[in-house]
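Biologist: I am new to this model. Could you take me through it, one topic at a time?

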Amino acid sequence: MKKREEVRTLPEDGLERLIGLVRSRGYCLVGPTLRDGAIVYDEISAVSDLPAGWTDEQEAGRYRVKAREDAAAFGYNLGPHSWKRFLYPPRTQLWQTTPTGEATLQPVGAAARAVQELDFIGGSTTPDRPFAFLGVRACELSAVAIQDRVLMGGAFPDPHYQSRRESALFIAVNCSQAAATCFCVSMGTGPEVTGGFDIVLTELLEDGSPAYLARAGSAAGESLLAQLEHGPASPAELDRSRVQLDQTAGSMRRELAADEVRGLLAANLEHPRWDDVASRCLACTNCTMVCPTCFCSTVEDHTSLDGTATRTRSWDSCFSLDFSYVHGGSVRASTRARYRQWLTHKLSTWHDQFDSSGCVGCGRCIAWCPVGIDLTEEVRAIASEPGDRQETTS
Ligand code: SF4
Ligand code: SF4
(Lines give C-alpha, C1' and ligand atoms only; values in the text may rest on other atoms or scores of the structure.)
(Ligands and ions follow the chains in the order given, each with its own letter.)
Protein backbone atom coordinates (compact mmCIF):
# COMPACT_ATOMS: atom_id res chain seq x y z
CA MET A 1 0.00 0.00 0.00
CA LYS A 2 1.31 3.46 -0.84
CA LYS A 3 2.17 5.65 2.16
CA ARG A 4 -0.51 8.22 1.32
CA GLU A 5 -3.24 5.61 1.34
CA GLU A 6 -2.22 4.25 4.71
CA VAL A 7 -4.77 4.84 7.47
CA ARG A 8 -3.01 5.65 10.73
CA THR A 9 -4.13 6.09 14.30
CA LEU A 10 -3.21 9.50 15.66
CA PRO A 11 -1.71 9.68 19.15
CA GLU A 12 -3.98 10.96 21.92
CA ASP A 13 -2.86 14.55 21.48
CA GLY A 14 -2.64 14.11 17.69
CA LEU A 15 -5.40 16.56 16.72
CA GLU A 16 -3.97 19.29 18.96
CA ARG A 17 -0.52 18.76 17.49
CA LEU A 18 -1.89 18.70 13.95
CA ILE A 19 -3.57 22.07 14.57
CA GLY A 20 -0.30 23.48 15.92
CA LEU A 21 1.68 22.08 12.99
CA VAL A 22 -0.66 23.55 10.38
CA ARG A 23 -0.51 26.97 12.04
CA SER A 24 3.29 26.80 12.40
CA ARG A 25 3.50 26.30 8.64
CA GLY A 26 1.92 29.69 8.11
CA TYR A 27 -1.71 28.81 7.46
CA CYS A 28 -4.74 30.69 8.73
CA LEU A 29 -6.59 27.68 10.15
CA VAL A 30 -10.37 27.88 9.90
CA GLY A 31 -12.65 25.29 11.47
CA PRO A 32 -15.97 24.75 13.21
CA THR A 33 -16.82 26.78 16.32
CA LEU A 34 -19.96 27.28 18.35
CA ARG A 35 -21.24 30.86 18.11
CA ASP A 36 -24.65 32.54 18.35
CA GLY A 37 -26.50 29.24 18.59
CA ALA A 38 -24.96 27.74 15.46
CA ILE A 39 -21.84 25.89 14.37
CA VAL A 40 -20.00 28.32 12.13
CA TYR A 41 -16.55 28.42 10.54
CA ASP A 42 -14.01 30.78 12.07
CA GLU A 43 -10.30 31.00 12.77
CA ILE A 44 -9.20 28.43 15.36
CA SER A 45 -5.95 27.89 17.21
CA ALA A 46 -6.60 24.88 19.48
CA VAL A 47 -8.85 21.86 19.96
CA SER A 48 -10.66 23.84 22.65
CA ASP A 49 -12.06 26.11 19.90
CA LEU A 50 -13.95 23.18 18.33
CA PRO A 51 -17.62 22.52 19.23
CA ALA A 52 -16.78 19.44 21.32
CA GLY A 53 -19.89 17.93 22.90
CA TRP A 54 -22.30 19.74 20.57
CA THR A 55 -24.44 18.56 17.72
CA ASP A 56 -27.15 20.00 15.50
CA GLU A 57 -30.76 19.07 14.77
CA GLN A 58 -32.11 20.06 11.39
CA GLU A 59 -35.41 19.87 9.58
CA ALA A 60 -37.12 21.93 6.92
CA GLY A 61 -37.03 25.51 8.22
CA ARG A 62 -35.38 24.45 11.48
CA TYR A 63 -31.82 24.39 12.88
CA ARG A 64 -30.89 23.96 16.54
CA VAL A 65 -27.67 23.09 18.37
CA LYS A 66 -27.89 20.79 21.33
CA ALA A 67 -25.48 19.14 23.75
CA ARG A 68 -24.24 15.61 23.03
CA GLU A 69 -23.62 12.98 25.64
CA ASP A 70 -20.02 12.54 24.51
CA ALA A 71 -17.10 14.81 23.63
CA ALA A 72 -17.09 14.37 19.85
CA ALA A 73 -15.50 17.42 18.22
CA PHE A 74 -17.05 16.73 14.80
CA GLY A 75 -20.34 15.26 16.01
CA TYR A 76 -22.50 17.77 14.12
CA ASN A 77 -23.47 17.97 10.45
CA LEU A 78 -23.38 21.34 8.72
CA GLY A 79 -24.10 24.88 9.83
CA PRO A 80 -25.09 27.88 7.73
CA HIS A 81 -21.52 28.61 6.61
CA SER A 82 -19.76 26.85 3.78
CA TRP A 83 -16.14 27.22 2.67
CA LYS A 84 -17.42 29.45 -0.15
CA ARG A 85 -17.39 32.18 2.47
CA PHE A 86 -13.58 32.07 2.50
CA LEU A 87 -12.74 31.07 -1.07
CA TYR A 88 -15.33 33.38 -2.67
CA PRO A 89 -16.06 35.99 0.03
CA PRO A 90 -19.43 37.74 0.37
CA ARG A 91 -17.71 41.03 -0.51
CA THR A 92 -14.55 41.57 -2.55
CA GLN A 93 -13.12 44.97 -3.34
CA LEU A 94 -12.11 44.95 -7.00
CA TRP A 95 -10.52 48.37 -7.25
CA GLN A 96 -10.31 51.78 -5.67
CA THR A 97 -9.53 55.18 -7.13
CA THR A 98 -7.50 57.86 -5.43
CA PRO A 99 -8.69 61.51 -5.21
CA THR A 100 -6.44 62.22 -8.16
CA GLY A 101 -8.40 59.75 -10.21
CA GLU A 102 -5.87 56.90 -10.35
CA ALA A 103 -7.37 53.43 -10.00
CA THR A 104 -5.69 50.83 -7.80
CA LEU A 105 -6.65 47.35 -8.93
CA GLN A 106 -7.28 44.89 -6.13
CA PRO A 107 -4.13 42.75 -5.83
CA VAL A 108 -4.65 39.02 -5.55
CA GLY A 109 -2.94 36.44 -3.37
CA ALA A 110 -1.43 37.28 0.00
CA ALA A 111 -1.57 41.03 -0.63
CA ALA A 112 -5.25 40.78 -1.49
CA ARG A 113 -6.02 39.19 1.83
CA ALA A 114 -4.33 42.07 3.60
CA VAL A 115 -6.79 44.58 2.21
CA GLN A 116 -9.80 42.30 1.85
CA GLU A 117 -12.79 42.75 4.05
CA LEU A 118 -12.35 39.69 6.26
CA ASP A 119 -14.05 40.76 9.44
CA PHE A 120 -16.09 37.55 9.36
CA ILE A 121 -13.07 35.81 10.85
CA GLY A 122 -14.22 36.74 14.31
CA GLY A 123 -12.44 40.06 14.35
CA SER A 124 -9.04 38.37 14.64
CA THR A 125 -8.19 38.76 10.99
CA THR A 126 -4.98 37.09 9.89
CA PRO A 127 -5.38 37.94 6.26
CA ASP A 128 -1.83 37.56 4.97
CA ARG A 129 -1.75 33.75 5.17
CA PRO A 130 -3.18 30.96 3.00
CA PHE A 131 -6.19 29.16 4.39
CA ALA A 132 -6.26 25.68 5.92
CA PHE A 133 -9.76 24.30 6.44
CA LEU A 134 -10.46 21.77 9.20
CA GLY A 135 -13.60 19.63 9.33
CA VAL A 136 -14.50 19.72 5.62
CA ARG A 137 -17.21 17.17 4.76
CA ALA A 138 -17.46 15.02 1.64
CA CYS A 139 -20.35 17.02 0.17
CA GLU A 140 -18.42 20.24 0.81
CA LEU A 141 -15.40 18.97 -1.14
CA SER A 142 -17.77 18.20 -4.02
CA ALA A 143 -19.12 21.76 -3.74
CA VAL A 144 -15.57 23.16 -3.93
CA ALA A 145 -14.94 21.04 -7.04
CA ILE A 146 -18.09 22.52 -8.60
CA GLN A 147 -17.00 26.07 -7.78
CA ASP A 148 -13.56 25.24 -9.23
CA ARG A 149 -15.22 24.43 -12.56
CA VAL A 150 -17.36 27.56 -12.46
CA LEU A 151 -14.75 30.03 -11.29
CA MET A 152 -11.49 28.57 -12.65
CA GLY A 153 -12.54 26.16 -15.40
CA GLY A 154 -13.19 28.62 -18.23
CA ALA A 155 -11.09 30.92 -20.37
CA PHE A 156 -11.17 33.66 -17.73
CA PRO A 157 -10.47 32.24 -14.25
CA ASP A 158 -11.46 34.44 -11.33
CA PRO A 159 -8.06 35.56 -9.92
CA HIS A 160 -9.47 36.24 -6.44
CA TYR A 161 -10.94 32.76 -6.11
CA GLN A 162 -7.94 31.14 -7.76
CA SER A 163 -5.39 32.68 -5.39
CA ARG A 164 -7.30 31.49 -2.31
CA ARG A 165 -8.15 28.09 -3.74
CA GLU A 166 -4.72 27.11 -5.01
CA SER A 167 -3.00 27.83 -1.70
CA ALA A 168 -5.67 26.22 0.52
CA LEU A 169 -5.16 23.05 2.57
CA PHE A 170 -8.14 20.76 3.22
CA ILE A 171 -8.36 18.60 6.34
CA ALA A 172 -11.57 16.68 5.82
CA VAL A 173 -13.62 14.58 8.24
CA ASN A 174 -15.80 11.60 7.39
CA CYS A 175 -19.38 12.12 8.58
CA SER A 176 -20.36 9.99 11.57
CA GLN A 177 -24.05 10.90 11.40
CA ALA A 178 -26.52 12.41 8.92
CA ALA A 179 -28.89 15.31 9.54
CA ALA A 180 -32.53 14.83 8.60
CA THR A 181 -31.91 17.32 5.77
CA CYS A 182 -28.92 15.48 4.21
CA PHE A 183 -29.24 13.64 0.89
CA CYS A 184 -25.63 13.28 -0.25
CA VAL A 185 -25.97 9.53 -0.84
CA SER A 186 -28.45 10.04 -3.66
CA MET A 187 -26.26 12.80 -5.16
CA GLY A 188 -23.18 10.56 -5.02
CA THR A 189 -21.22 13.08 -2.93
CA GLY A 190 -20.95 11.47 0.52
CA PRO A 191 -20.84 10.65 3.34
CA GLU A 192 -17.35 9.19 2.78
CA VAL A 193 -14.54 11.54 1.77
CA THR A 194 -12.98 10.02 -1.34
CA GLY A 195 -10.98 12.80 -3.02
CA GLY A 196 -9.96 16.45 -3.04
CA PHE A 197 -8.44 16.40 0.47
CA ASP A 198 -4.95 16.77 1.89
CA ILE A 199 -5.79 14.80 5.03
CA VAL A 200 -8.98 12.96 5.93
CA LEU A 201 -9.82 12.19 9.55
CA THR A 202 -12.28 9.70 10.99
CA GLU A 203 -13.51 10.44 14.49
CA LEU A 204 -14.13 7.32 16.60
CA LEU A 205 -15.42 7.52 20.16
CA GLU A 206 -13.71 5.54 22.93
CA ASP A 207 -15.78 5.69 26.13
CA GLY A 208 -17.18 9.05 25.02
CA SER A 209 -13.79 10.55 24.14
CA PRO A 210 -12.71 11.09 20.54
CA ALA A 211 -9.84 9.24 18.86
CA TYR A 212 -8.77 9.84 15.28
CA LEU A 213 -7.77 7.84 12.24
CA ALA A 214 -5.95 9.84 9.56
CA ARG A 215 -5.01 9.34 5.92
CA ALA A 216 -3.04 11.66 3.65
CA GLY A 217 -4.35 12.57 0.19
CA SER A 218 -1.50 14.79 -1.01
CA ALA A 219 2.18 15.43 -0.46
CA ALA A 220 1.28 18.38 1.80
CA GLY A 221 -0.93 16.13 3.92
CA GLU A 222 1.69 13.39 4.02
CA SER A 223 4.38 15.78 5.23
CA LEU A 224 2.10 16.96 8.07
CA LEU A 225 1.18 13.44 9.18
CA ALA A 226 4.84 12.38 8.99
CA GLN A 227 5.56 14.76 11.87
CA LEU A 228 3.11 12.98 14.20
CA GLU A 229 4.02 9.69 15.80
CA HIS A 230 1.41 7.18 14.84
CA GLY A 231 0.86 3.56 14.08
CA PRO A 232 -1.21 1.89 11.40
CA ALA A 233 -4.93 1.67 12.18
CA SER A 234 -5.89 -1.73 13.57
CA PRO A 235 -8.34 -3.99 11.68
CA ALA A 236 -10.88 -3.34 14.47
CA GLU A 237 -10.56 0.44 14.02
CA LEU A 238 -10.94 0.12 10.26
CA ASP A 239 -14.05 -2.03 10.78
CA ARG A 240 -15.57 0.53 13.15
CA SER A 241 -14.82 3.30 10.69
CA ARG A 242 -16.58 1.37 7.90
CA VAL A 243 -19.59 0.53 10.09
CA GLN A 244 -19.88 4.20 11.10
CA LEU A 245 -19.92 5.32 7.46
CA ASP A 246 -22.43 2.63 6.47
CA GLN A 247 -24.73 3.59 9.33
CA THR A 248 -24.48 7.25 8.36
CA ALA A 249 -25.35 6.47 4.74
CA GLY A 250 -28.14 4.14 5.78
CA SER A 251 -29.76 6.70 8.07
CA MET A 252 -30.30 9.30 5.33
CA ARG A 253 -34.02 9.98 5.02
CA ARG A 254 -34.15 12.35 2.09
CA GLU A 255 -33.17 11.58 -1.48
CA LEU A 256 -33.28 13.05 -4.94
CA ALA A 257 -33.34 11.02 -8.14
CA ALA A 258 -30.22 12.73 -9.47
CA ASP A 259 -30.20 10.92 -12.84
CA GLU A 260 -33.85 11.59 -13.65
CA VAL A 261 -34.34 15.12 -12.36
CA ARG A 262 -32.44 16.81 -15.19
CA GLY A 263 -34.92 15.71 -17.86
CA LEU A 264 -37.89 15.85 -15.52
CA LEU A 265 -37.55 19.57 -14.80
CA ALA A 266 -36.74 20.44 -18.40
CA ALA A 267 -39.99 18.73 -19.46
CA ASN A 268 -42.12 20.43 -16.81
CA LEU A 269 -41.48 24.14 -17.11
CA GLU A 270 -45.21 24.89 -16.88
CA HIS A 271 -46.09 22.45 -14.12
CA PRO A 272 -48.66 23.82 -11.62
CA ARG A 273 -46.24 23.05 -8.77
CA TRP A 274 -44.27 26.18 -9.71
CA ASP A 275 -47.33 28.25 -8.74
CA ASP A 276 -47.72 26.26 -5.55
CA VAL A 277 -44.13 26.78 -4.43
CA ALA A 278 -44.27 30.46 -5.45
CA SER A 279 -47.22 30.95 -3.10
CA ARG A 280 -44.97 29.83 -0.21
CA CYS A 281 -41.60 31.25 -1.24
CA LEU A 282 -40.68 34.65 0.24
CA ALA A 283 -37.92 35.26 -2.34
CA CYS A 284 -35.72 36.01 0.67
CA THR A 285 -32.54 34.59 -1.03
CA ASN A 286 -31.55 32.54 2.04
CA CYS A 287 -31.28 29.31 0.06
CA THR A 288 -28.78 30.81 -2.37
CA MET A 289 -26.72 32.48 0.37
CA VAL A 290 -26.20 29.21 2.28
CA CYS A 291 -25.76 27.05 -0.83
CA PRO A 292 -22.09 26.08 -1.21
CA THR A 293 -22.28 26.06 -5.03
CA CYS A 294 -24.33 29.22 -5.79
CA PHE A 295 -22.02 31.83 -7.26
CA CYS A 296 -24.15 34.74 -8.54
CA SER A 297 -22.71 38.15 -7.80
CA THR A 298 -23.30 41.81 -8.48
CA VAL A 299 -20.88 44.71 -8.77
CA GLU A 300 -21.43 48.06 -7.08
CA ASP A 301 -19.55 51.34 -7.15
CA HIS A 302 -19.38 53.60 -4.10
CA THR A 303 -18.05 57.13 -4.02
CA SER A 304 -16.87 59.02 -0.98
CA LEU A 305 -16.69 62.74 -0.14
CA ASP A 306 -12.90 62.35 0.24
CA GLY A 307 -12.74 61.79 -3.52
CA THR A 308 -12.18 58.04 -3.52
CA ALA A 309 -14.38 55.52 -5.28
CA THR A 310 -14.46 51.76 -4.79
CA ARG A 311 -15.87 48.94 -6.89
CA THR A 312 -17.03 45.94 -4.86
CA ARG A 313 -18.28 42.52 -5.87
CA SER A 314 -20.95 41.06 -3.56
CA TRP A 315 -22.92 37.84 -3.50
CA ASP A 316 -26.27 38.22 -5.24
CA SER A 317 -29.14 35.84 -5.85
CA CYS A 318 -31.39 34.78 -8.72
CA PHE A 319 -34.23 35.22 -6.20
CA SER A 320 -33.78 38.99 -6.07
CA LEU A 321 -35.91 41.03 -8.47
CA ASP A 322 -33.02 43.22 -9.58
CA PHE A 323 -30.81 40.30 -10.51
CA SER A 324 -32.45 39.87 -13.92
CA TYR A 325 -33.07 43.58 -14.47
CA VAL A 326 -32.40 44.80 -17.98
CA HIS A 327 -33.53 48.07 -19.50
CA GLY A 328 -37.28 48.28 -18.95
CA GLY A 329 -37.71 45.72 -16.19
CA SER A 330 -36.76 42.35 -14.75
CA VAL A 331 -36.74 39.30 -16.99
CA ARG A 332 -37.97 37.16 -14.09
CA ALA A 333 -40.57 39.40 -12.50
CA SER A 334 -42.50 36.73 -10.58
CA THR A 335 -41.39 34.58 -7.65
CA ARG A 336 -42.60 31.61 -9.69
CA ALA A 337 -40.13 32.43 -12.46
CA ARG A 338 -37.30 32.98 -9.98
CA TYR A 339 -37.84 29.75 -8.03
CA ARG A 340 -38.12 27.82 -11.29
CA GLN A 341 -34.94 29.44 -12.58
CA TRP A 342 -33.06 28.45 -9.41
CA LEU A 343 -34.22 24.85 -9.32
CA THR A 344 -33.97 24.13 -13.05
CA HIS A 345 -30.50 25.69 -13.22
CA LYS A 346 -29.29 23.88 -10.12
CA LEU A 347 -30.57 20.44 -11.12
CA SER A 348 -30.94 20.52 -14.90
CA THR A 349 -29.20 23.16 -17.02
CA TRP A 350 -26.14 23.12 -14.73
CA HIS A 351 -25.35 19.79 -16.42
CA ASP A 352 -25.32 21.51 -19.84
CA GLN A 353 -23.18 24.36 -18.54
CA PHE A 354 -20.73 22.62 -16.20
CA ASP A 355 -21.14 18.88 -16.80
CA SER A 356 -22.51 18.07 -13.35
CA SER A 357 -25.41 18.77 -11.06
CA GLY A 358 -25.22 22.08 -9.19
CA CYS A 359 -26.43 20.38 -6.01
CA VAL A 360 -24.36 18.24 -3.64
CA GLY A 361 -27.18 17.26 -1.29
CA CYS A 362 -25.94 19.21 1.75
CA GLY A 363 -29.51 20.18 2.74
CA ARG A 364 -28.61 23.73 3.86
CA CYS A 365 -31.26 25.32 1.64
CA ILE A 366 -33.89 23.12 3.32
CA ALA A 367 -32.89 23.94 6.90
CA TRP A 368 -32.37 27.66 6.35
CA CYS A 369 -35.49 28.37 4.30
CA PRO A 370 -37.69 30.38 6.67
CA VAL A 371 -40.82 28.67 5.35
CA GLY A 372 -39.29 25.20 5.10
CA ILE A 373 -39.36 24.73 1.33
CA ASP A 374 -37.62 21.45 0.54
CA LEU A 375 -36.24 21.01 -2.98
CA THR A 376 -36.44 17.20 -2.70
CA GLU A 377 -40.15 17.54 -1.95
CA GLU A 378 -40.68 19.97 -4.84
CA VAL A 379 -39.01 17.56 -7.26
CA ARG A 380 -41.04 14.65 -5.86
CA ALA A 381 -44.28 16.62 -6.37
CA ILE A 382 -43.41 17.32 -10.01
CA ALA A 383 -42.34 13.70 -10.58
CA SER A 384 -45.56 12.36 -9.11
CA GLU A 385 -47.65 14.17 -11.70
CA PRO A 386 -45.41 15.17 -14.59
CA GLY A 387 -46.79 17.33 -17.37
CA ASP A 388 -45.39 17.83 -20.86
CA ARG A 389 -45.80 21.52 -21.71
CA GLN A 390 -42.50 23.31 -22.21
CA GLU A 391 -43.27 26.90 -23.17
CA THR A 392 -41.64 29.39 -20.78
CA THR A 393 -43.31 32.35 -19.18
CA SER A 394 -42.30 34.63 -16.36
S1 SF4 B 1 -29.22 23.30 -3.58
FE2 SF4 B 1 -29.52 23.04 -1.36
S3 SF4 B 1 -28.95 20.90 -0.94
FE4 SF4 B 1 -28.15 21.41 -2.98
S5 SF4 B 1 -26.02 22.09 -2.61
FE6 SF4 B 1 -27.31 23.95 -2.57
S7 SF4 B 1 -27.86 24.25 -0.42
FE8 SF4 B 1 -27.07 22.14 -0.62
S1 SF4 C 1 -37.10 28.92 -1.25
FE2 SF4 C 1 -37.12 29.56 0.94
S3 SF4 C 1 -35.01 30.31 1.32
FE4 SF4 C 1 -35.28 30.24 -0.92
S5 SF4 C 1 -35.97 32.31 -1.49
FE6 SF4 C 1 -37.84 31.06 -1.17
S7 SF4 C 1 -38.40 31.42 1.00
FE8 SF4 C 1 -36.26 32.12 0.77
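**Helix 10 and its surroundings**

Modeller: In helix 10 (residues 273-280), the buried residues are Arg273, Trp274, Val277 and Ala278. Viewed along the axis of helix 10, these buried residues fall within an arc of 140°, so they line one face of the helix. The arc is that of the directions from the helix axis to the C-beta atoms. Buried means under 20% relative accessible area, exposed means over 50%, and partly exposed lies in between (1.4 Å probe, protein chains only). Helices (H or I, at least four residues) and strands (E, at least two) are DSSP runs, numbered from the N terminus.

Biologist: And what are the ground rules for the model?

Modeller: This is a predicted model, in which local features need pLDDT of at least 70 and side-chain atom pairs count only at pLDDT 80 or more, while totals for chains, interfaces and linings use all residues. Residues are numbered from 1 along each chain as its sequence is written, chains are lettered from A and ligands numbered from 1 in the order in which they are written, and side-chain values use heavy atoms, with hydrogens and water left out.

Biologist: Back to helix 10. What do its buried residues pack against?

Modeller: They pack against helix 9 (258-266), helix 12 and helix 14 (375-384). Contact here means heavy atoms within 4.5 Å.

Biologist: At what angle do helix 10 and helix 12 pack?

Modeller: The angle is about 110°, and the axes are 8 Å apart. Axes are lines fitted to C-alpha atoms, for helices over the stretch in contact, and angles run from 0 to 180 degrees between N-to-C directions. Helix 10 and helix 12 are therefore roughly perpendicular to each other. Angles of 65 to 115 degrees count as roughly perpendicular, under 35 as roughly parallel, over 145 as roughly antiparallel and the rest as oblique.

Biologist: Which residues meet there?

Modeller: From helix 10, Trp274, Asp275, Val277 and Ala278 meet Thr335, Arg336, Tyr339, Arg340, Leu343 and Thr344 of helix 12.

Biologist: Let us turn to the rings. How many aromatic pairs are there?

Modeller: The structure holds 16 aromatic pairs. One of them is formed by Phe86 and Phe131, which are edge-to-face at 5.7 Å centre to centre, with 70° between the planes. This pair links distant parts of the chain, since Phe86 is in helix 2 (residues 84-87) and Phe131 is in strand 8 (residues 131-136), 45 residues apart. Another edge-to-face pair is Tyr339 with Trp342, at 5.8 Å centre to centre and 65° between the planes. Rings of Phe, Tyr and Trp (its six-membered ring) pair if their centres lie within 6.5 Å; planes under 30 degrees apart count as stacked, over 60 as edge-to-face and the rest as tilted.

Biologist: Where do Tyr339 and Trp342 lie?

Modeller: Both are in helix 12 (residues 335-354), three residues apart, about one turn of the helix. Tyr339 and Trp342 are both buried.

Biologist: And Phe86, buried or exposed?

Modeller: Phe86 is buried, at a relative accessible area of 0%, and Phe131 is buried too, at 1%. Ring pairs join Phe86 and Phe131 with Tyr41, Trp83, Phe133 and Phe170 in a cluster.

Biologist: Which ring does the charged end of Arg137 sit over?

Modeller: That is the ring of Tyr76, with the charged end 4.6 Å from the ring centre. Lys84 lies over the face of Trp315, 4.5 Å from the ring centre. A charge sits over a ring if NZ of Lys or CZ of Arg is within 6 Å of the ring centre and within 35 degrees of the ring normal.

Biologist: Now the backbone. Which residues does a cis peptide bond join?

Modeller: It joins Gly190 and Pro191, with omega about 5°. Pro191 lies in the loop between helix 6 (184-187) and strand 10 (199-206). Most residues other than glycine have a negative phi, and most peptide bonds are trans. Thr285, although not a glycine, has a positive phi of about 80°, and Asp355 also has a positive phi, near 65°.

Biologist: Where are Thr285 and Asp355 placed?

Modeller: Thr285 is in the loop between helix 10 and helix 11 (286-290) and is buried at 18% relative accessibility. Asp355 is in the loop between helix 12 and helix 13 (364-367) and is exposed at 71%.
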